[in-house]
Amino acid sequence: MTPAPLLTAAEKSAPVTDWAARLGWVIGLLLFIALVYWLMREGWKWRGTLQGDLPELPSAPERTGPAKLSMSGRYHGSTTAGQWLDRIVAHGLGTRSRAELTLTDEGLDVVRPGARDFFVPAAQLRGARLDKGIAGKVLTEGGLLVLTWAHGDKLIDSGFRSDHAAEHTEWVDTLNDMINKTEGAR
């Protein structure tokens with residue numbers, strides 16, 4: 001019978017002696033990862049170039065009147081209306097960020113710290129609904145506030161999620177009432 005200490009001593013692995021091959025593999029893997037990230041970045045820039053016909057985003061007017069609603073939460077991005085995977089990246093609309101939304105009679109002011117702010121005039125608002133996803137972000141049913149608005153000759157869906165999801169229903173009702181009144185006045 002073999003003593004136990006001899007068995008454990010024999011199970012040790014051999015020391016690594018081929019460091020050059022290991023370093024070569026690690027450097028090759030890091031270069032491959034860098035290439036993938038560079039290609040993703042170039043694709044993002046190319047998408048922005050293809051969407052270059054989108055006009056500049058309007059900024060909020062000096063005076064907007066009293067706020068009907070306000071909300072803090074996250075901006076998850078914008079897509080072509082009805083195509084929840086066709087992300088719009090031109091003019092910073094593809095950048096996710098924190099967001100402060102303020103709805104007034106003049107329109108919707110979207111303030112995004114660290115990203116480009118924009119304003120949607122009331123006449124450009126087309127609809128509001130609760131949805132479960134927008135390009136790159138999928139939530140539970142009704143977990144995302146999606147606003148449809150016109151910009152230039154394009155209809156855009158923008159997705160927001162409030163810090164307090166219970167606010168979404170009030171936003172949908174208020175926005176749709178406001179849109180119906182605006183369309184009735186035209």
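Strands E3 and E4 (residues 107–111) pair in the antiparallel sense over four bridges, where pairing asks for at least two DSSP bridges between two strands. Helices (H or I, at least four residues) and strands (E, at least two) are DSSP runs, numbered from the N terminus. The model is a predicted one, with local features needing pLDDT of at least 70, side-chain atom pairs counting only at pLDDT 80 or more, and totals for chains, interfaces and linings using all residues. Residues are numbered from 1 along each chain as its sequence is written, and side-chain values use heavy atoms, with hydrogens and water left out.

Three residues sit between E3 and E4, and the two strands form a hairpin. Within this pairing, Glu100 has Val111 of E4 as its bridge partner.

Leaving aside neighbours within four places in sequence, Leu93 is in contact (heavy atoms within 4.5 Å) with residues including Tyr75, Phe118 and Ile156.

As for the aromatics, rings of Phe, Tyr and Trp (its six-membered ring) pair if their centres lie within 6.5 Å, with planes under 30 degrees apart counting as stacked, over 60 as edge-to-face and the rest as tilted. Three pairs turn up by this rule. Tyr75 and Phe160 make a tilted one, at 5.4 Å centre to centre and 55 degrees between the planes; it links E1 with E10 across 85 residues. Tyr75 and Phe160 are both buried (under 20% relative accessible area, against over 50% for exposed and partly exposed in between; 1.4 Å probe, protein chains only). Phe118 and Trp149 are stacked, at 5.7 Å and 15 degrees. Phe118 lies in E5 and Trp149 in E9, so this pair ties together parts 31 residues apart in sequence. Phe118 and Trp149 are buried too, and Tyr75, Phe118, Trp149 and Phe160 form one aromatic cluster.

Also in E9 (residues 144–151) is Thr148, which counts as buried because its relative accessibility is 12%.
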